[in-house]
Amino acid sequence: SRRESYLALLLQYPQAITRAADIAGASPWAADYLARHPILLDELLDARNLHTEPDWPQLTCSLARQLDDAGGDREREMDLLRHFKHAQTLHLLAQDLAGELPLERLSDHLSALADLMLDAVLRLAWRELPARHCDAPRFAVVAYGKLGGKELGYASDLDLVFVYDDDDAQAAHAYGQLALRISSWMSMQTAAGQLFDVDVRLRPDGISGLAAISLGGLESYLREKAWVWEHQALTRARWCAGDSKLASGFESIRRDMLRASRDPKALAEKVSDMRKRMHAGHPNRSAEFDLKHDAGGMVDIEFMTQYLVLAHSHNHPSLLDNAGNIALLQRAAQAGLIDASLAMDAANAYRRYRSLQHGLRLNEARYARVDPRLVIAESQAVKALWAQLFDA
């Protein structure tokens, strides 16, 4: 009742009320998103635009023009970025709720949106950095986790590592400051909301490590000091923003680390031990099945895929691609590393789990848990593949 302009808009455009009601009625999370960002009601006026898949090159140019017009006003730039992100999220949400986007394609778009935001924030942050020593930073953002695997959801945080390739004496300081500023600007809450939560615990030496690391330093760390779980995480890491010249350098390091020859039995013990620790850290005392953490769930599938990459990619280079869990399971089966029918069943289980998890989050469920009878076939298939790999 304090927002007369929005009420006037709805009275003037009754079709916007219908669209808002459709979105809010389909998902409590969507209703809350609209309530937190009422400026998005403007996006409901044009149904064609609302239900058109994003053209990212065109949108990138449009955002760049808006930021240029801001004339260096940082507060306005922050708001422009947030309004842009929220508007594109609403478009994808409307298409998702209308059944127009398969989950895999939705995640591709949400990941592309995050990449775009990171690249824009990087450029703005560098422009305003007092310590910069060159016009164009030789610096990049590497995505891990859901963003790295292009499995981003609406509320996912971003697992990031910041790297550079620059021998200048000022480089380490400048790029460390840039990395801190990017993380801060992405996570900052303004009147227009937030872009993304940023998690940097996967960087070398964790939260206590350098904010940004040279490519050479990253390679040395991964070769000499990294734990097996850090190599597991590397299976779905990718360059996502910044200097594109660093993309090939990082990918070369990633592939070299993954294709190293390992003792499959010793590796299996370490991966299995890490899985037990993770399971113990996420206890489920309910009668429901936790889609992510319970035995036979998503983490099991991810760990099996990572094990297959680390154990066999030196003989089977097709496993080196950051192609996603489903495609990598299929490639492992084609290489004769796992039973083909079990691989297909596990891949289908992963797809089903992601769909159920997505639906639960749209309904603001606290945990991604379901009646175990709904997924008994899927969980048993995943357990069977796990037994083939780790219990033999």
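Modeller: Happy to! Among contacts (heavy atoms within 4.5 Å) between residues at least 6 apart in sequence, 73% join residues at least 24 apart. Bear in mind that this is a predicted model, where local features need pLDDT of at least 70 and side-chain atom pairs count only at pLDDT 80 or more, while totals for chains, interfaces and linings use all residues. Residues are numbered from 1 along each chain as its sequence is written, and side-chain values use heavy atoms, with hydrogens and water left out.

Now to the core itself, meaning a set of buried Ala, Val, Leu, Ile, Met, Phe, Trp, Tyr and Cys residues joined through side-chain atoms within 4.5 Å; buried is under 20% relative accessible area with a 1.4 Å probe, protein chains only. The largest nonpolar core has 69 residues, and L81, M117, L118, F139 and I182 touch the most other members. Its largest share, 14 residues, comes from helix 7, residues 103-127; helices here are DSSP runs of H or I with at least four residues, and strands are runs of E with at least two, numbered from the N terminus. Beyond its neighbours within four places in sequence, L118 is in contact with V141, L147, L158, L160, I182, M186, C240 and A241. Another core lies apart from the largest one, with 59 residues, including V271, F303, L328 and L356.

Stepping back, the chain comes to 17 helices and seven strands, and buried residues make up 50% of its 392 residues. Along its principal axes, the C-alpha trace spans about 70 × 60 × 35 Å.
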